[in-house]
Amino acid sequence: MKKKLLATMLVMAMTASMVGCGQTEEPAAAPEAAAPAAGAVEVEAPAAATDTSEHVTLTIAARGGSHVDVIEAVKANFEEKNNCTIEVLGLEAADLKQNVALDAANAEGAYDLCMIDDPVMPEFMEGGILLNLTAEGYKEDEDFIKASRAVGKNPYGTGDTYALPFNGNVQLFFYNKDALEKVGGTIPTSWEEVLELAKKGKAAGLNGYVIRGQQGNPIVSDFLPILWAYGGNVFDDQMNVIVDSPEAKAALQMYLDLLAQGANFEKNDIVASVADGSSLMALGWPSWFISGADASAAYAAIPSKANGQEHPTGMIGNWMMGVTANTTHKELAIELLKYLTSAEVQKQTVDAGCVPTRYSVSHDAEVTAKYPHLAEICDATDNSVVRPRTPKWSTIEEVWGAELSNVVSGTKTIEQGLADSKVAIEAEMAK
């Protein structure tokens with residue numbers, strides 16, 4: 001009864017904030033199951049921990065796009081060894097979240113495994129949607145990047161494991177190399193250096209820096225790394241709201257100063273303008289700019305210094321995968337989860353779009369020779385920052401993003417916008 005109630009409450013909350021569910025950015029995905037990727041790879045499938053003499057079907061609710069390609073490329077090996085069929089449903093992020101939450105209220109689930117976006121993990125773990133893997137005998141695998149495996153634990157970083165890192169992602173700093181050379185600059189390590197470069201870019205007729213200042217997830221994801229660099233955050237260690245701190249005011253002033261040297265664009269325009277050199281710099285997710293071994297813009301870790309201080313700034317955004325609590329094939333589903341997140345599968349599927357979440361694969365010589373950005377993503381993930389671990393993050397992101405957008409548009413001052421942000425976030429936390 002408790003699980004059904006929590007799942008129902010989760011669905012109600014999601015319905016109210018559906019637009020802001022896509023926290024971790026990926027290319028547009030097909031709404032239906034994708035066709036198998038060409039050239040399925042040969043990977044040894046582990047023996048199942050249960051009797052599979054009776055043919056069964058395992059269903060995975062997945063984020064559509066390259067994630068489906070990865071699973072399709074290797075599923076045949078597991079199917080053959082375990083006498084099963086694996087069905088992969090590729091869904092948009094919002095649909096994935098809603099469908100899995102709705103199905104969690106059923107005694108027997110339609111899904112055996114599901115993918116979960118990093119910020120959604122607290123909702124799913126505390127909502128009883130995911131199987132407790134530790135309670136089922138799962139042992140810690142230290143080959144997973146530490147920051148990535150921490151996302152799958154409840155309490156965060158220290159508790160039991162409910163999901164494993166399936167696909168890596170972390171925000172990076174993107175810039176146009178030719179434009180940077182044009183203004184005589186070098187890769188910045190502080191936000192003061194970013195601002196000086198932006199001013200030079202504007203003087204040269206470019207957008208010195210472009211922000212992604214639309215309401216909700218866009219502006220929150222774009223602003224948070226700067227807030228972190230200044231030593232600010234959304235909550236303190238006791239979950240008190242601190243978005244109106246002196247650090248937050250300084251960070252938001254920097255955000256406005258950067259905007260004054262450039263423009264406020266949506267994602268596609270950010271990517272296009274940095275790629276063609278009409279814009280000098282921006283923050284973004286690797287999948288925006290990097291496809292396979294090709295990158296449309298140069299990249300580096302997000303500057304971590306501001307006001308003479310240094311703090312981690314890269315926003316982690318892994319796609320996790322877990323077993324549903326109401327699966328009817330628990331043992332086999334756990335084996336499939338371990339198989340799909342294994343080092344062997346990750347190494348074999350980088351060509352299909354896998355971004356490894358393991359140290360051994362991210363720094364494998366054969367892998368990095370072809371995809372050097374994967375080592376950069378791994379190193380940046382090791383020094384990344386996780387978004388606040390609260391089941392209410394989706395709605396908090398919406399109300400805070402609305403107030404930040406008010407400041408960017410000039411309808412509120414920094415002080416008023418952040419004061420109103422604090423009130424709005426506290427109201428959400430009190431619900």
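**A helix, a sheet and a loop**

Tutor: Start with helix α16, where H373, L374, A375, I377, C378, A380 and T381 are buried (under 20% relative accessible area; exposed is over 50%, partly exposed in between, with a 1.4 Å probe and protein chains only). That's 7 of the 10 residues in α16 (residues 373-382), so the helix is largely enclosed by the rest of the structure. Keep in mind that this is a predicted model, where local features need pLDDT of at least 70, side-chain atom pairs count only at pLDDT 80 or more, and totals for chains, interfaces and linings use all residues. Residues are numbered from 1 along each chain as its sequence is written, and side-chain values use heavy atoms, leaving out hydrogens and water.

Now look at the open sheet: its 5 strands go β2-β1-β3-β17-β6, with mixed pairing (helices are DSSP runs of H or I, at least four residues, strands of E, at least two, numbered from the N terminus; strands pair if DSSP finds at least two bridges between them). At its edges sit β2 (84-91) and β6 (164-167), each pairing on one side only. Strand β1 (residues 56-63) runs parallel to β2, joined by 8 bridges; V56, for instance, is bridged to C84 in β2.

Finally, find E108 in the loop between α3 (93-103) and β3. E108 is exposed, with a relative accessible area of 60%. Still, E108 touches N326 and T328, leaving aside residues up to four places away in sequence (contact means heavy atoms within 4.5 Å). E108 and T324 are 216 residues apart in sequence, yet 9.9 Å apart in space, C-alpha to C-alpha.
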